[in-house]
Every structure is written in structure tokens, then in C-alpha cells.
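Thanks for coming, everyone. I'll keep this brief. Have a look at the model first, then we'll walk through a few places in it.

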Amino acid sequence: MFIPYSSDLKRKKWMREGLIQSASKSFWTPYTGMNAGSVIVQANNTNAAEGHTVVFDYDGNLSGKAIKGKDTAYGKGEGKKKFSNKLTVDRYRLVADNGDAFDGVDIGDLSLTQHSDSRAKLGDLFVRFKDQAIFDTLQGIKDSAPTHIVSLGSTLGMAELLELETVLKTGTGFDTGATRRPLQPFVLQDGRPVWLFILDPFMAAVLKASSSYQSLVYNADVRGNDNRAIRGVFGKIGNLLLVEADAFFGATDTNAATFDINHTEVEIAGLRRKDSAGAWLGQSSFDPTLALTSRGLLLGANAVQLGFGKMPDYKLQESTDFAIKSESALETWMNVQKTKLLAETEDYKAAKVAGIDYGCIAVDLTTKAADVVAGGGG
């Protein structure tokens, strides 16, 4: 397929159309929107190149006391609260080797060397790259550990689901983290407010094996047009919408406790497990023989900020050997971070919102005990 390299707009439009076509493969697409009521809040600033910032602004509600009777009210007005956050976008490039056109003819698949095939494959890889960036950010692997964690030990049933719902609604009961503002619910298309509980297959298996869950599973409401677009939904308990995500497959080239999104090769985007030594699935130091913890995610509105800068572009680099080979690249300016608000005036006294994971609570569950090593007896 011919791409007019002389026209930036046509080339970028063609690449953007390819990304839109691939977006349906994304786990996070149903939860992404341009307003603060979405779980993934996306902001686009096409003027932002590498190192530029995308700004998120939020207003707070008033919470002041009433003035009784004829007591002087003037001068006691509550200052309007203002919160904001900034996200610095970076340049990321995903690259495909187009090979040699002669070799493509030889193996009977000339499409492998064509732009349309490169666009489709790069678009698919970008979806997995972006989705994994969001998974890693929410699990506290990218940038910073969770500010609030509920540790369930090795048990997950109806009692624990009710406990989690109480934690969401009251902002108390954390094993890690102080009292906070309750998570704002995510609203489905029919107006029902819900919180998402994202589980990996191991957590989901523990829950589905629970007799208390099995006895009530017929009440799980997964009907409605709004849920058809949401992958992995397997139940609704109270205001919790239970969603099973894939387990991560891929490799990470660092053993650091936290790492950036360019450190990971993504085969299947999903949630990672952590071993008892602190290594995450995908790292070379991860030891599957140790006790393993699954980290699920309780999500409300405005859990993650996803920022895009300049429009994505398709780039081609031909080889110096008379251009018999070439490589294609998808170039994008983006970044992702958990929503952590900065109080530009003052924070609330009890229902704190500044400096914490605004829309995300981590849920840890031991889903595998350490392997028992057989030893000899004397």
C-alpha cells in the first residue's frame, strides 16, 4: 500500500485509522473516556511533544459549616477547592522488520513486506503496550506502590466481597493506608453506579471455588447492552462489577521494584503476580516456586490518567544496502499515571483526596503457597 511520505497529515491520518481499528481489542476501551467520570481519563494535547505536559484540572465541592441565626456570616466563607495534576508525555516507538520483498515472494506471502500489514501489526502491538502500561500503573509496578491495600490472606468469598464493598463505601479498613475519601463509582450506560473489581484468573478461580459465592452466583447480573462491550464480566455482587482480566505474558528486562513501560515486551497484556521475594511475573528474578500473591484492583472513576501528545506517526527506514530491506515504526507521544491530585488551595479535613491513589485500591490475595521441597530423613 502506498503511503504519501510527503504528506504528514495523510500519513498520520492513515496510522490513526489503523489504531482506531485495533482499539476494539483493548481490555480498557470500555472504561476509557475524556471526562473525570471514566475509569481511564484520557486527555489529548496534539501540541505536546516529548517532554511537554498534559494538564488535568478538577474542582472540589464545598464542605463548610452553616452560620446560624444572626451570627456574622461575612468573612467566614469557605475557599473553593482546586485540584490538578500534570502528566509529562514521552516518545515511544514500536518497530517492525519488514524483511526483504524477494524473501516475501519466496515464501508466498508478499503481504509481510507491505505497509498495510505493518500498520495492522504495529497497531495490535500498540494496544497491548498501552494496556500493559495501564495494568502496571494500577498494580503499582510503574512509578509508585499503591497508597491503599486490602490484604485478604488466602480467602476470597462472599464475606470478603462484602468487606471490600464496605471499604469502598467508607474509605476505612485498609491494611496499608489511612482513612481516605471513598472511591467515586463508575456509572454504566444505563445509569447504574458500580465499582470495578478486576481479578486475574488465579483470584477468579479462588472466588469461583468458594461455596458462598457459588450459592449466590445466580444473582450475578451480567445482563444489559452496556455489559456486552466489557470483556471478562462474570458477576455483579451489590455494587461490585467483577471482571476477569488476562494473566500477563511477556518479559521485563529489569529486576527493579518499579520500572517504566519501555522495559517490557508484551505478548499478552494482563495482571502480574508477585513472588514472596518481591519479584513480579516477567522479571528474570521471579521465582514460581515461592508463595505467589495476586494483586486485584478495586477501581472507581478517575483511577488513571492517560495522556497523548502529538498525533501518532508511521515511519519507514530503508536499509543502506540499496534499500533491499526496511523497518517500519509506530511513533507515539504518550504516558500514563495513577490519578494523584495536588491540592492547589487546601485538602479536605477527613475525606482526603490529595496525594493518594484517587480511584484505585489494591487487593492482595495469596493464590499459591510455596512449594514444599522433599528432603531426606536420617
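Start with two phenylalanines. Phe27 is buried, and Phe135 is buried as well. Keep in mind that this is a predicted model.

How do the planes of Phe27 and Phe135 sit in their aromatic pair? They are tilted, with 40 degrees between the planes and 5.4 Å centre to centre. Now look at where each one lies. Phe27 is in the loop between α1 (8-22) and β1 (32-33), while Phe135 is in helix α3, residues 115-138. The two parts are 108 residues apart in sequence, so this pair ties them together.

Phe27 and Phe135 belong to a cluster linked by ring pairs, along with Trp28, Tyr31 and Phe186. Across the structure there are nine aromatic pairs.

Stay with helix α3 for another one. Phe126 and Phe129 are three residues apart there, which means about one helical turn separates them. Their ring centres are 6.4 Å apart and their planes stand at 45 degrees, so this pair is tilted. Are these two buried or exposed? Both Phe126 and Phe129 are buried.

Next, charges over rings. Arg273 places its charged end over the ring of Phe202, 3.5 Å from the centre. Arg272 lies over the face of Phe248, and there the distance to the ring centre is 4.1 Å.

Now the strands. Please find β14, residues 292-299.

Which strands pair with β14? Let's take them in turn. Strand β8, residues 193-199, runs antiparallel to β14, and three bridges join them. In that pairing, Leu196 stands opposite Leu299 of β14.

Then there is β13, residues 273-275. It pairs with β14 over three bridges, again in the antiparallel sense. Here Lys274 faces Thr293 of β14 from the opposite position.

Eight bridges join β19 to β14, and the two run antiparallel.

One general point while you have strands on screen. In a regular strand, side chains alternate between the two faces of the sheet.

To recap: Phe27 and Phe135 tie together parts 108 residues apart in sequence. Over to you.

Terms used:
Residues numbered from 1 in each chain as written. Predicted model: local features only at pLDDT ≥ 70, side-chain atom pairs only at ≥ 80, totals over all residues. Heavy atoms only, no water. Buried < 20%, exposed > 50% of the residue type's maximum accessible area, 1.4 Å probe, protein only. Helix = DSSP H or I, 4+ residues; strand = E, 2+ residues; numbered from the N terminus. Pairing = 2+ DSSP bridges. Phe/Tyr/Trp six-rings, centres within 6.5 Å; stacked < 30°, edge-to-face > 60°. Lys NZ or Arg CZ within 6 Å of the ring centre and 35° of its normal.
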